[in-house]
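Q: I am new to protein models and would like to learn how to read one. Could we go through it together, feature by feature?

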Amino acid sequence: MNLGAKPALSLTGRALRLLSTREHSRAELERKLAPHAEEEGAVAKVLDALQAKGFINETRVLESVVHRRAGKLGASRIKQELQAKGLEPEAVAEAVQALRATELERAREVWRKKFGKPPADAAERGKHMRFLASRGFGGDIIHKVVSGAEED
């Protein structure tokens with residue numbers, strides 16, 4: 001008998017372990033638990049039970065992602081993350097619409113933390129613009145931030 005071996009976790013145990021680290025959508029949990037299912041439909045049963053108990057909540061997942069990522073990323077990058085989690089398209093669209101209202105000030109803050117001063121030449125300007133684009137900010141917002149157009 002191997003005393004050092006841990007017993008295999010049940011699907012419920014695995015799901016709860018995942019949920020204890022951060023909010024997960026149902027689609028994420030399905031992807032992560034599927035390789036461990038021994039019978040057809042077992043994952044769905046476990047997730048149905050967890051959802052009935054309130055452990056899986058799509059609204060909390062959406063709010064969690066927006067809260068964690070809004071200070072660093074633009075609306076388009078956050079939209080991609082939310083879509084990858086398999087959330088309802090209507091809820092994702094609403095969240096992205098709300099993010100777009102604060103996009104300029106969030107982009108300015110991200111830019112300020114990284115660079116703090118206007119670009120000295122065209123090469124540096126390109127670097128600033130690529131940085132903001134990689135964070136998911138739109139072209140018009142990037143132009144306003146990098147060109148130094150302060151308040152609209």
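A: Gladly! Let us begin with helices: helices (H or I, at least four residues) and strands (E, at least two) are DSSP runs, numbered from the N terminus. In this structure, α3 is followed by Gly54, whose phi is positive, near 85°. Likewise, Gly86 comes after α5 and has a positive phi, near 75°.

Q: Before we go on, what kind of model is this?
A: This is a predicted model, in which local features need pLDDT of at least 70 and side-chain atom pairs count only at pLDDT 80 or more, while totals for chains, interfaces and linings use all residues. Residues are numbered from 1 along each chain as its sequence is written, and side-chain values use heavy atoms, with hydrogens and water left out.

Q: Which residues of helix α3 are buried?
A: First the term: buried means under 20% relative accessible area, exposed over 50%, and partly exposed in between (1.4 Å probe, protein chains only). In α3, which runs over residues 42-52, the buried residues are Ala42, Val43, Val46, Leu47 and Leu50. Their arc around the axis is only 125°, which puts them on the same side of α3. That arc is taken from the directions from the helix axis to the C-beta atoms. On the other side of α3, Lys45 and Ala52 are exposed.

Q: What covers the buried residues of α3?
A: Here we need contact, which means heavy atoms within 4.5 Å. The cover over the buried residues of α3 includes α1 and α2.

Q: Which residues are buried in helix α5?
A: Helix α5 (residues 75-84) has Ala75, Ile78 and Leu82 as its buried residues. They span an arc of only 65° around the axis, which puts them on the same side of α5. Among the elements covering them are α4 (58-69), α6 (89-101) and α7 (103-114).

Q: How do I read a nonpolar core?
A: The general idea is that in soluble globular proteins, nonpolar side chains tend to be buried together. A nonpolar core is a set of buried Ala, Val, Leu, Ile, Met, Phe, Trp, Tyr and Cys residues joined through side-chain atoms within 4.5 Å. The largest one here has 14 residues, of which Leu62, Val66, Ile78, Leu82, Leu87, Val92 and Leu99 touch the most other members. The elements giving two or more residues to this core are α4, α5 and α6. There is also a second, separate core of twelve residues, including Phe131, Leu132, Phe137 and Ile141.

Q: Which residues does Leu87 touch?
A: Not counting residues up to four places away in sequence, Leu87 touches Ser25, Glu58, Val61, Leu62, Leu82 and Val92.

Q: How many aromatic pairs does the structure hold?
A: Rings of Phe, Tyr and Trp (its six-membered ring) pair if their centres lie within 6.5 Å; planes under 30 degrees apart count as stacked, over 60 as edge-to-face and the rest as tilted. The structure holds one such pair. Phe115 lies in the loop between α7 and α8 (122-134), and Phe131 in helix α8, so the pair ties together parts that are 16 residues apart in sequence. Both Phe115 and Phe131 are buried.

Q: How many salt bridges does a search of the whole structure find?
A: In general, side chains of opposite charge can pair when their charged atoms come close. A salt bridge is a side-chain nitrogen of Lys or Arg within 4 Å of a carboxyl oxygen of Asp or Glu. The search finds eight salt bridges. One of them joins Glu23 and Arg60 (3.0 Å, N to O). Glu23 lies in the loop between α1 (11-21) and α2 (26-33) and Arg60 in helix α4, so this pair ties together parts that are 37 residues apart in sequence. Glu23 is partly exposed, at 23% relative accessible area, and Arg60 is partly exposed at 32%.

Q: Where do Arg112 and Glu109 lie?
A: Both lie in helix α7, three residues apart, about one turn of the helix.

Q: Is Glu28 buried or exposed?
A: Glu28 is buried, with a relative accessible area of 6%. Glu28 sits in helix α2, and its side chain meets that of Arg22 in a salt bridge (3.0 Å, N to O). Arg22 is partly exposed, at 28%. A network of salt bridges links Arg22, Glu28 and Lys85.
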